[in-house]
Amino acid sequence: MGSLEQAASQLSLQIEQYLQQGKTDIERFQVKIANVNLLAWLKSQTTYPQFYLHFRDENKSVATLGEVRSFSALNLAQEFIETYHFPLFGGLQFQGYGQFILPQLLLETDEQNTAISCFVEGKTSAQSALEQLKTLPKMTALYPLPKQIPLHTEQQANQPMWCDWVNQALYEIKQGELTKLVLANETIFHLKQPVNPYDFLTESEKQNQGCYHFLWAENPHSTFVGSTPERLFAREYNLFLTEALAGTAPITADLKENQQQAQWLLNDEKNLNENWLVVQDISQNIQAMVESFDVSEVELKPLRKVQHLLRKIRANLTAHYRDSALLKAIHPTAAVSGLPQQQARMILSEIETFDRGWYAGTLGVMSEAYSEFCVAIRSAFIERNRIRVFAGAGIVEGSEPLAEWQEIERKASGLISLFAENNDGEKECL
């Protein structure tokens, strides 16, 4: 297997031939080398946008750099894939704004090797790619995160305000406007030292197993990172896999107490109902696109500070599936927005005092044969000395404001502990 230097040389030769032949079509040039650390590689690069995704259920990762094409409209992204047969990377923000890119450079690692692809379209794009390939061999060391005491912390909602938000949601539910509303809070940490997002995500990957790990940076000033337990969907041809992850109980250092909480969660009507509402929502939204729809028995997804109820969903799509239609149909799910979906989003915009942006959005890869998207929760924006951390909780009939406050505090603490608290070394999905 070759090195990054050899890969840069081989790809440059292929692109120079492309230029000599005067081609203008989009082309993909590819080489394979021994595995490299994609986060250490991305850390050394200064081109944007940057995208990274470590998949939850497979030992594979992708990283992208730059863009040859960019799409904000889902239908145009879908048409591009069907025309050119190349993958796109990106996703949708919570409120539906989309961004999908055909990158200039794509690195894909699995257990065997790293495949490097370079996409070009015409003379200017090819010349830009040749310049970019000069930095391909660069790698920067990843360092442990120093723990810091925040200089200042602020929250969009403090505890009394949060309780007021929950009571507003419960009022809407009682009036019959909603059956569920997922409220979120944003906590902003001001730190003495800047936090490097690549070091941050590396630490998160060490601490958190059974998660998707993602990074999305449109510029060097703000990087969206996270480690999420939740899949939006995975599709291989017409096989469609999704899940309902909703319903939460705490986990502590007391194993006996955790077992009691697990049994309570598996039998608690409020949490079981919250989870089943997500199943029903997904079922209703994709029923016209599937030939079969199977839901597993409810099970537990245990993490370090919380445990969730999980139902896995497996469906066979009809012959004319399109990822653009699937994304529009199920994003955002009831697990991050509420029901009915449109009414929930409207009420959230009235109650919450911040723009979620990419939080509770979806990020992933879309291609003809295979697509996979995660739900971008348990996440934060890293902006040098400032980190904005998000956490949410599903409000249904029977929810108690203080209990929901404790839930979002537990969820947020997993992420916060990476940079602001001593870590006990246990494995956790944030």
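S22 is the top contributor, with five residues.

Keep in mind that this is a predicted model. How do you spot a gap in a protein anyway? You roll a probe the size of a water molecule over the atoms, and that shows where empty space is left. Searching the whole structure this way turns up one cavity of 30 Å³ or more. The space in the largest cavity comes to about 190 Å³.

## Two glutamates from the record

Which residues does UniProt mark as "binding site"? The unreviewed entry puts that feature at Glu-274 and Glu-407. Both Glu-274 and Glu-407 are part of the lining of the largest cavity.

## A closer look at Glu-274

You'll find Glu-274 in helix H8, which covers residues 269-286. Is Glu-274 buried or exposed? Its relative accessibility is 6%, and anything under 20% counts as buried, so Glu-274 is buried.

Who are its contacts? Leaving out residues up to four places away in sequence, Glu-274 touches Lys-180, Ala-246, Gly-247, Gly-394 and Val-396.

## A closer look at Glu-407

Glu-407 belongs to helix H11, residues 401-420. Glu-407 has a relative accessible area of 7%, which is under the 20% cut-off, so this residue is buried too.

Again leaving out residues up to four places away in sequence, Glu-407 touches Thr-248, Gly-392 and Ala-393. With Thr-248 there's a polar contact as well: the two side chains are joined at 3.4 Å.

The largest pocket holds about 350 Å³ of space. It is lined by 18 residues, with Arg-28, Lys-60, Val-62, Leu-106 and Glu-108 closest to its centre.

Which strands supply at least two residues each to the lining of the largest pocket? They are strand S1 (26-33), strand S3 (61-65) and strand S7 (105-109). By type, the pocket lining splits into eight nonpolar, five polar and five charged residues.

Technical notes. Residues are numbered from 1 along each chain as its sequence is written. This is a predicted model: local features need pLDDT of at least 70, side-chain atom pairs count only at pLDDT 80 or more; totals for chains, interfaces and linings use all residues. Side-chain values use heavy atoms; hydrogens and water are left out. UniProt positions are given in the numbering used here, feature names are shortened, and annotations may be inferred rather than shown by experiment. On a 1 Å grid over the protein atoms alone, a cavity is a set of points where a 1.4 Å probe fits but cannot get out, and a pocket is an open set with protein on both sides within 12 Å along at least five of seven lines; lining residues have an atom within 4 Å of a point. Helices (H or I, at least four residues) and strands (E, at least two) are DSSP runs, numbered from the N terminus. Buried means under 20% relative accessible area, exposed over 50%, partly exposed in between (1.4 Å probe, protein chains only). Contact means heavy atoms within 4.5 Å. A polar contact is a pair of N or O atoms within 3.5 Å; within protein, one must be able to donate a hydrogen and the other to accept it, and residues adjacent in sequence count only if both atoms are side-chain atoms. Grid points are joined across faces, edges and corners, and a volume is the space filled by probe spheres set on the points. Ala, Val, Leu, Ile, Met, Phe, Trp, Tyr, Cys and Pro count as nonpolar, Asp, Glu, Lys and Arg as charged, and the others, Gly among them, as polar.
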